Structure formats: structure tokens, C-alpha cells
Amino acid sequence: MSLFDTQAWRERMDERWFASGVELAEAGAVDLVAIEDDSVTAHVRGGELYVVSLRAPAGEGACTCPGFDKFGACKHQAAVVVAANLLDAVGLQQVRDRLARLRDGLALESREALIERLTDLAKRDPAVLASLES
């Protein structure tokens, strides 16, 4: 069972972009963070680390890369389409359960431990720092 309509996503972008996305997916550059209902969130390493959000099967999507801002579609989106469609039933369930497991683990920590964890993340990642400061 495919989560995404590959042909519909191919039609959104230049075939070379889609081919580059296939290469990224096959190289293991896609980390599927969450699949909730028909929304997919992933991190894709394509030089930089980009955050991709898509709606299945052929819905809207976004990416934090400059190409998406310029063209409205990118190879990172294609990589997520391909990676998600390669999941078997067990893999799909593991991604669907991923954030629930994270939430359950965080719920067991004390308030002080969570504050310390967020502070450590903010020290290492400017985006986390900026997000927490806003």
C-alpha cells in the first residue's frame, strides 16, 4: 500500500528533481519523524537538514529549503514521498507510533529534567534557541 500518489507528485516538479529525491531516499537521507492521519513530517539531509511536511496522497506540502521557496516544489519532498512509500506495514506503524513513544518518555521526566534537556538543546541548536526565546 502506497501512502502517496507518486505520479501526482512527479507532475508537481521537474523530473530531474524527482530523480534527485529518489537518490536521497535510497541513500537513507530521509528520517520520517511522524505520520499522523494524512500528514507526514520528515527531516531530509540534502547538504543541509531540511524539514518537509506533506499531506497524502497528493496534497499540499512544504519544505524549509530555498528551492521550495523559489519553485513551490523540491527534491526533498520527492525524497519523502519515495521513503514513505517504501515503508512496509511494520515500518509504517513504527513511524506512526514514534511521537507517541517520545511523548510517553518525556511525560516520565521531571519538570527540572525537561528544562535541562531543552536548555542543552538550545545551546547546541540555534533554531531551538530561537524557538524557545519567541
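Biologist: How far is the sulfur of Cys 74 from the closest cysteine sulfur?
Modeller: 3.7 Å, and that closest sulfur is in Cys 63, too far for a bond. A disulfide needs two cysteine sulfur atoms within 2.5 Å. This is a predicted model: local features need pLDDT of at least 70, side-chain atom pairs count only at pLDDT 80 or more, and totals for chains, interfaces and linings use all residues. Residues are numbered from 1 along each chain as its sequence is written, and side-chain values use heavy atoms, with hydrogens and water left out.

Biologist: And what about Cys 65?
Modeller: Its closest cysteine sulfur is also in Cys 63, at 3.7 Å, again too far for a bond.

Biologist: Is Cys 74 buried or exposed?
Modeller: Buried, at 5% relative accessible area. Buried means under 20%, exposed over 50%, partly exposed in between (1.4 Å probe, protein chains only). Cys 65 is buried too, at 3%.

Biologist: New topic. What order do the sheet strands take?
Modeller: S1-S2-S3-S4, in an open antiparallel sheet. S1 (30-36) and S4 (61-63) are the edges. Strands are DSSP runs (E, at least two residues), helices too (H or I, at least four), numbered from the N terminus. Pairing takes at least two DSSP bridges.

Biologist: How many bridges join S2 to S3?
Modeller: Eight, between residues 39-46 and 48-55. Ser 39 stands opposite Arg 55 in S3.

Biologist: How many residues of helix H7 are buried?
Modeller: Zero of its eight, residues 126-133.

Biologist: What does Asp 125 reach at the start of H7?
Modeller: A side-chain oxygen of Asp 125 comes within 2.8 Å of the backbone nitrogen of Ala 127.

How values were computed: A polar contact is a pair of N or O atoms within 3.5 Å; within protein, one must be able to donate a hydrogen and the other to accept it, and residues adjacent in sequence count only if both atoms are side-chain atoms.
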